[in-house]
Structures are given as structure tokens and as C-alpha cells.
Amino acid sequence: MKIALLPGDGIGPEILREAVRILEALRSDGLKIETEEAPVGGAAYDAAGDPLPPSTLALAKSADAVLFGAVGGPRYDTLPRDKRPEKAILGLRKECDFFANLRPATVFPELADASTLKPEVVSGLDIMIVRELTGDIYFGQPRGITGEKGSRVGFNTMHYTEPQIRRILHVGFRTARQRGRRLTSVDKMNVLETTQLWRDIAEEIAPEYPDVELTHILVDNCAMQLVRNPRQFDVLVTGNMFGDILSDEASMLTGSIGMLPSASLDANGKGLYEPIHGSAPDIAGKGVANPLAQILSMAMMFRYTFGLADVAGRVEGAVRKALASGLRTADIAAKGAKPCTTAEMGTAVLKAL
Ligand code: IPM
Ligand code: MG
């Protein structure tokens, strides 16, 4: 198992370090793991003038899986767009064709109180957001800002091809099949043609999955339903932009964005694994970030790329145990309770493992 480690910026290196400690433990336990690290994002821009240097991209392509921290920071926000850290993650997704993004939102029983929503609304929550990652308004052409000050125009293009829509919908149906067999496709067909096509194709594919119940929902209503009654959902499938927004919203149901892992898969099961949160520059370097989304992303790597559900389960079980011990980083700590550090949380997971 060759794993590329891309720590990135902000809290990325701190949280990835904790995941790597667990990898090391699994290696000494007999798993054949090989790792290689490379700079990405702002760190790569600083080192090489390029947020996604060719050597980093080559490593990602040659590895079986990529374990990714986070990228970005205010220091880089004024750079030209193609030099910004975000370009690295978008480039990796596109270049490696990691089109299928799985973002589970599960509420750990220990954390039902951590959400800003009432425990009776979120407890037992278990939904999966399947987000398309290589198309949509993120990549559509033309795009840009033109004109003179006073009459400038900004424009982006929402764009999806039928093959792009089909393959992500198939991932949605297959994912639903392995879970509660209910698939909700999210669109904005009342306004946007691109998503009318999305809905039409979903209807065309549905007969291939007679065991899965397909429903459609408009994205604005979906955003509302997620906070009104999130447990009505099993699997949500949607485009790049809507998925970005809805997955951040869903993270808050679980108590903290610091808890949510993700997998981004290509057609062969190779994948990039990253927390859905960002680089959190405000707390970077303080040793207080929550490493659990990163550790849980690594667990997803064992499940989806390496087919080692038992190892994934062990890591997830260890996270549960660490939480059950009462340990909480600041983002999930109860008011007035003393939060633990990034490393203390990592150590607790390691011990539980
Ligand atoms: C995410 C992030 C990225 C996205 C950013 C960092 C480009 O918000 O993975 O959700 O918009 O996809
Ligand atoms: Mg996002």
C-alpha cells in the first residue's frame, strides 16, 4: 500500500501527524504500508512557486491513495488564482479524476450534545453525501471577470456532461444499495437547465436499481430539511457546488466540522482522503485542532481503496473509544470543560487502537 502524504497548510500538518502515528502503529502491527510526503498548497507555493508542483502530482498519481491535510491561508488570498492553494486540491481532483466524493455525516452517540441542534433531532444521524467533484461551475468555461471598473462583469458557467452525471449517479445508487436503499438526488431544476438534465438522467437510470427508492429535492429545500429533520435522508447525491455547501451544513449536525472525513474516488477505487474542513489558519500551530476528521479519513482509505473494512473498523472503534473516555478538543468540548490538545487526542486514539 503506497500512500502519498500531503500535509498542506494551517492545521494540515498537525492533524496529519496524528493520522501518521496511527499508520505507523498499523505498520508495526504487520500492515505493509509505504509512505512518501510532498508539499502541497501554500507550503508548496512557498517552496517551489507552485501550489501543485509536478513532483507532487506525480507522487499522487503513482500512489494507491493520497492522505491529504488541508490547504489555504489568508497569506495566499491575494495571489493570482492559479497560484492559490485551492488550485492544488482542485487540480488533484481533476488530474487524478477523483470524481466521486463521499462525505458521511454521522453523529457519534458521545457527541449528540455537541451539535447546536437539539439532540433529539440529530442523535443517531447517519447520512452520506455523494458529491460530484470534477465538473459543474467549479470547472466550467467560460469564466472570469471582464470590463472596466464601474461596469465590470463576473461570470462562471455551470456545465455538466451526460457521462459525468451518469457516473456520479451510479455511485449514488450503488452507495444507497449498500445502506438504507434510499437515494435523494439534489438539484435546482426549477431554474437551471444543467440540473434539469441531472434529474432526467436520474430518472432514466433508476430502473436499473429497482431496489433503491429514488426521490428528488430542490437544493434550497434540501438545505432547510437538513436542519429541520436530517434523519429523513439516507444518501444524497448532488453536483460539485451544491455538495460543497450541503456538506458543510451537514457537518454541523454532527457537532463539529472537525469530525467529518471524506473520500474522493476515481473509477478504480483509488482515492484521495481528506477532512472536509479547511486549514483553519486562526488556530494553526497552536496544537488545539481536532485530528479526528483526518484520522477518520484514513479509516475510509482502508475501507474504500484497500478493501480492509476490518482495519477501518478498528480505527473508527478507537476514535469512539477516545471520545467515550471523555476527551474533547476545543471544537467539541462542552462549555466550561477543559479541552485537550491535538496530540492528546491522537494519543488516546492510538492507545485505544
Ligand atoms: C471542500 C473545500 C474545497 C471545495 C475548497 C478548499 C476548494 O471547500 O473540499 O469542500 O470547495 O471543494
Ligand atoms: Mg467545502
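Reader: Where is P142 found?
Author: This is a predicted model. In it, P142 lies in the loop between β5 (126-132) and β6 (144-146).

Reader: And what kind of peptide bond joins Q141 and P142?
Author: The bond joining Q141 and P142 is cis, with omega at about 0°. In general, most peptide bonds are trans.

Reader: Turning to phi, what is its value in D97, and where is that residue?
Author: D97 has a positive phi of about 55°, although it is not a glycine. D97 belongs to the loop between α4 (86-95) and β4 (100-106). Its relative accessibility is 29%, so D97 counts as partly exposed.

Reader: What about phi of R181?
Author: R181 is not a glycine, and its phi is positive, near 60°. R181 sits in the loop between α6 (162-177) and β8. With a relative accessible area of 37%, R181 is partly exposed.

Reader: Let us move to strand β8. Is D187 buried or exposed?
Author: D187, which is found in strand β8 (residues 182-187), has 0% relative accessibility and therefore counts as buried. Leaving aside neighbours within four places in sequence, D187 is in contact with several residues, including W198, R199, H216 and F242.

Reader: F242 is in a helix, I think. Which residues of α9 are buried?
Author: In α9, the buried residues are N240, F242, G243, L246, S247, A250, S251 and L253. They cover an arc of only 160° around the axis, so they lie on the same side of α9.

Reader: Why does the span of helix α9 agree with what one should find?
Author: Helix α9 has 14 residues (residues 240-253), and at 1.5 Å a residue they should span 20 Å; the end C-alpha atoms are 20 Å apart, which agrees.

Reader: What follows α9?
Author: α9 is followed by G255, whose phi is positive, near 110°.

Reader: How do the axes of α8 and α9 cross?
Author: The axes of helix α8 (residues 219-228) and α9 cross at roughly 10° and come within 10 Å. The two helices are therefore roughly parallel.

Reader: Which residues meet there?
Author: From α8, V219, C222, A223, L226 and V227 meet F242, L246, E249 and L253 of α9. The residues of this contact comprise eight nonpolar, no polar and one charged.

Reader: One last topic: which residues does P53 touch?
Author: Not counting residues up to four places away in sequence, P53 touches P39, A44 and A48. P53 is in the loop between α2 (42-48) and α3 (54-62), and at 7% relative accessibility P53 counts as buried.

Notes. Residues numbered from 1 in each chain as written. Chains lettered and ligands numbered in written order. Predicted model: local features only at pLDDT ≥ 70, side-chain atom pairs only at ≥ 80, totals over all residues. Heavy atoms only, no water. Helix = DSSP H or I, 4+ residues; strand = E, 2+ residues; numbered from the N terminus. Expected span 1.5 Å × (residues − 1). Buried < 20%, exposed > 50% of the residue type's maximum accessible area, 1.4 Å probe, protein only. Arc of directions from axis to C-beta. Axes fitted to C-alpha atoms, helices over the stretch in contact; angles between N-to-C directions. Parallel < 35°, antiparallel > 145°, perpendicular 65-115°, else oblique. Contact = heavy atoms within 4.5 Å. Nonpolar A, V, L, I, M, F, W, Y, C, P; charged D, E, K, R; others polar.
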